[in-house]
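Hi,

Here is the structure we talked about. My notes follow below it.

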Amino acid sequence: MTTLNEESLNLLQKKSFPDDEIQFIILGDSHINSYGWNGHTMQHDLDKNGERYKKILQHIVKHHGSSAAFVIHGGDAIGDGVIKGISKAKQKEANFRAFVDITKEILFSKELPIFVTIGNHDFILEDDELSPRLFEAYIGPVKGEILIPDSNIAYIYLPTYFEDLKGSPYFYEEDLEWLQRKLVTHPSDHYLIDFHADLRVGAFKQNSANDHYALSANETQAFFQHISTSVKGIFNHHRHFSYEYTASFQTSSGTHQVPYLVTGCGGNSTSRNNSPNYFVCTMSNLDTSEPSLDFTPVTVPGLQS
């Protein structure tokens with residue numbers, strides 16, 4: 001079975017883009033649940049989150065289907081399941097199947113690729129171990145690098161792991177070392193990085209150690225120590241609201257600033273009121289060493305909270 005990210009990569013490679021500007025969409029935390037396949041309607045029966053996610057995708061296609069190059073989904077694609085009497089793994093598999101089918105039906109109709117990062121709800125807990133096997137089967141590998149055709153832009157998605165699915169998030173050291181190697185491979189490229197849990201920066205920096213949405217101060221520092229000035233945007237999710245900030249980190253050449261965005265209202269019904277459902281991101285001045293990255297928030301009308 002060809003995974004969603006792999007099919008999206010095939011779509012992306014057929015596209016061409018302007019030299020000086022690119023637009024893409026970012027959202028996260030859909031948490032969709034499926035009650036199963038309905039043989040009468042020939043559709044998945046979805047919970048409220050799933051119906052909200054469909055409306056968000058339809059809004060993206062209607063208003064940005066021709067202008068956006070691709071979509072980034074920052075994880076928690078699925079919820080924990082609503083079907084009674086079957087195992088958690090089978091519930092989550094039904095959710096993944098619905099997520100992929102809905103996403104392809106709507107976005108692929110406009111040949112709009114989507115790349116999905118793994119979130120905590122996208123893992124399953126098996127034998128007291130976090131397993132990404134369903135995510136890998138339906139979405140693809142938990143980390144990857146996407147080189148945008150005809151441009152000097154690269155997009156990297158990374159996994160963050162969680163104690164018992166809901167506890168404190170953390171990186172695997174091997175993933176940060178892999179990230180560092182990737183950034184060295186194409187040092188002149190402009191890199192965008194997405195992962196699910198939040199960095200402990202800005203408004204989150206002073207939160208207590210019990211804030212399980214944010215990576216610890218040590219994990220945050222470790223991340224910044226593994227990146228370079230080629231990183232031009234960092235995207236996180238996990239919290240069901242949005243937040244924009246300019247993050248700073250030190251390199252051998254001095255202090256570097258990078259746009260930072262949290263967005264987690266891509267379908268879940270527990271989103272904070274008045275929070276945007278997705279962002280349109282415009283990256284321009286690509287032929288310079290310091291391109292601009294602007295975020296335009298979009299709230300989809302008619303979504304029930």
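In β15, Gly254 is the bridge partner of Thr251. Strands β14 (residues 242-251) and β15 (residues 254-263) pair in the antiparallel sense over ten bridges. Pairing here requires at least two DSSP bridges between two strands. Two residues lie between β14 and β15, and the two strands form a hairpin.

Some ground rules. This is a predicted model, where local features need pLDDT of at least 70, side-chain atom pairs count only at pLDDT 80 or more, and totals for chains, interfaces and linings use all residues. Residues are numbered from 1 along each chain as its sequence is written, and side-chain values use heavy atoms, with hydrogens and water left out. Helices (H or I, at least four residues) and strands (E, at least two) are DSSP runs, numbered from the N terminus.

Next, the open sheet. Its five strands run in the order β5-β4-β1-β16-β17, with mixed pairing. β5 (114-116) and β17 (292-298) stand at the edges with a single partner strand each, so one side of each has no neighbour in the sheet. Strand β4 (residues 71-73) pairs with β5 in the parallel sense over three bridges. There, Val71 stands opposite Ile114 in β5.

Last, helix α1 (residues 4-12). Leu4, Asn5, Ser8, Leu11 and Leu12 are buried, meaning under 20% relative accessible area with a 1.4 Å probe, protein chains only. Contact means heavy atoms within 4.5 Å. By that criterion, the cover over the buried residues of α1 includes α3 (88-107), β5, α4 (133-138), β8 (144-147) and β9 (153-157).

Best wishes

Notes:
Buried means under 20% relative accessible area, exposed over 50%, partly exposed in between (1.4 Å probe, protein chains only).
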